[in-house]
Structure formats: structure tokens, C-alpha cells
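Have a look at the structure first, then read on.

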Amino acid sequence: MEKKFSTNALEICSRCLSYEVNGWVSDKWKEMDEETKKQIAEELKSIKLKSGECIVCKNNLISDGTPERILRILEENKTPNRIKKEFIELFFVNREIESEKNEKEESNREDISV
Ligand SMILES: [Zn+2]
């Protein structure tokens, strides 16, 4: 079943993004294959920046397109939907999930704030 998500990535600086993504990847360590983890680590080494305000630390440079590229890595490596969905929930805003909308809304909600 195809689900539709909006693709507005969180406005977050490279340092906070690396920190959050690395934390998330280590949570999923056993569920992700080595190639996926390697590609994500590579992506985090070359984060492009644009102006904006980091929602976590108020830095005035934010990552440009990195969550989108990591999502593409997850897709290309056929990462399970459950993991992709979780990545989207954590690193994208205004997401819209056409079905199963409140599956995860009530309980177990994780926010990116630290
Ligand atoms: Zn930041």
C-alpha cells in the first residue's frame, strides 16, 4: 500500500541533524543493513547548508536536503516501511499519512526535541 507523505524536512542545523540521525541509527542498529548505515554516515559527512533557524539550537544555518537524501538511501536499500515511516515521523514536519493516520499518534509519540 502506497502512503503519501509531505516532504518538508525539519529545519535543523548540521550538528543537531547529525546528532539526531546518529542516535536514531544506533537505535535501529540491528534492523538496518551495513550498506545503509554506511551510506547514511557518508551523507552526514557532507551536509549542505542554507540559511534558516535550527529548531533545536537556533543556529542560523540549517541543513539543505539531507533528510530527503537519507530517505532516498532508505528507499534504495529497501529498508522496511516501518523504519522509513519512523524516519519520516522524526525528521519531517507537516507529514500527511493517508491511511493509518492515528496508529502512532496517541501512544509512543517521539519528538525530536532534546
Ligand atoms: Zn542546531
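**Notes on the helix pairs, core and loops**

1. The axes of α1 and helix α2 (residues 34-45) come within 11 Å and cross at roughly 170°. With an angle over 145 counting as roughly antiparallel, α1 and α2 are therefore roughly antiparallel to each other. On the α1 side the residues that meet α2 are S18, V21 and V25, and their partners in α2 are K37, I40 and L44. Sorted by class, this contact has four nonpolar, one polar and one charged residues.

2. Bear in mind that this is a predicted model. Mean pLDDT for the protein chain is 85, with 75% of its residues at 70 or more. The stretch to watch is residues 104-108, where pLDDT is below 50 and the model shows two contacts beyond near neighbours in sequence. Where pLDDT is low, the predicted coordinates should not be read in detail.

3. On the overall layout: the protein chain has four helices and four strands, and along the sequence they run β-α-α-β-β-α-α-β. Of the contacts with a separation of 6 or more, 69% are between residues 24 or more positions apart. Buried residues come to 16% of the 114 residues.

4. What about the second pair, α3 and α4? Their axes come within 10 Å and cross at roughly 175°, so α3 and α4 are also roughly antiparallel to each other. From α3, the contact uses P67, L71, L74 and E75, while α4 brings I83, K84, F87, I88 and F91. The class count here is seven nonpolar, no polar and two charged residues.

5. Now the core. The largest nonpolar core has 13 residues, and I12, C13 and L17 have the most contacts inside it. At least two residues of this core come from each of α1 (14-27), α3 (66-76) and α4 (81-91). Which residues does C13 touch, leaving out those up to four places away in sequence? They are C54, C57, N59, L61, I62 and S63.

6. K58 is not a glycine, yet its phi is positive, near 70°. K58 lies in the loop between β2 (49-51) and β3 (61-63).

7. K78 is in the loop between α3 and α4. Is K78 buried or exposed? With 10 other C-beta atoms within 10 Å, K78 is exposed.

8. N77 is also found in the loop between α3 and α4. N77 has 15 other C-beta atoms within 10 Å, so N77 is partly exposed. Which residues is N77 in contact with, leaving aside its neighbours within four places in sequence? The list is D33, E35 and T36. N77 and M32 are 45 residues apart in sequence, yet their C-alpha atoms are 9.3 Å apart in space.

Notes. Residues are numbered from 1 along each chain as its sequence is written. This is a predicted model: local features need pLDDT of at least 70, side-chain atom pairs count only at pLDDT 80 or more; totals for chains, interfaces and linings use all residues. A residue is buried if 20 or more other C-beta atoms lie within 10 Å of its own, exposed if 12 or fewer, and partly exposed in between; C-beta atoms are placed from the backbone. Two residues are in contact if their C-beta atoms, placed from the backbone, lie within 7 Å. A nonpolar core is a set of buried Ala, Val, Leu, Ile, Met, Phe, Trp, Tyr and Cys residues joined through C-beta atoms within 7 Å. Axes are lines fitted to C-alpha atoms, for helices over the stretch in contact, and angles run from 0 to 180 degrees between N-to-C directions. Angles under 35 degrees count as roughly parallel, over 145 as roughly antiparallel, 65 to 115 as roughly perpendicular and the rest as oblique. Ala, Val, Leu, Ile, Met, Phe, Trp, Tyr, Cys and Pro count as nonpolar, Asp, Glu, Lys and Arg as charged, and the others, Gly among them, as polar. pLDDT is the predictor's confidence in each residue, from 0 to 100.
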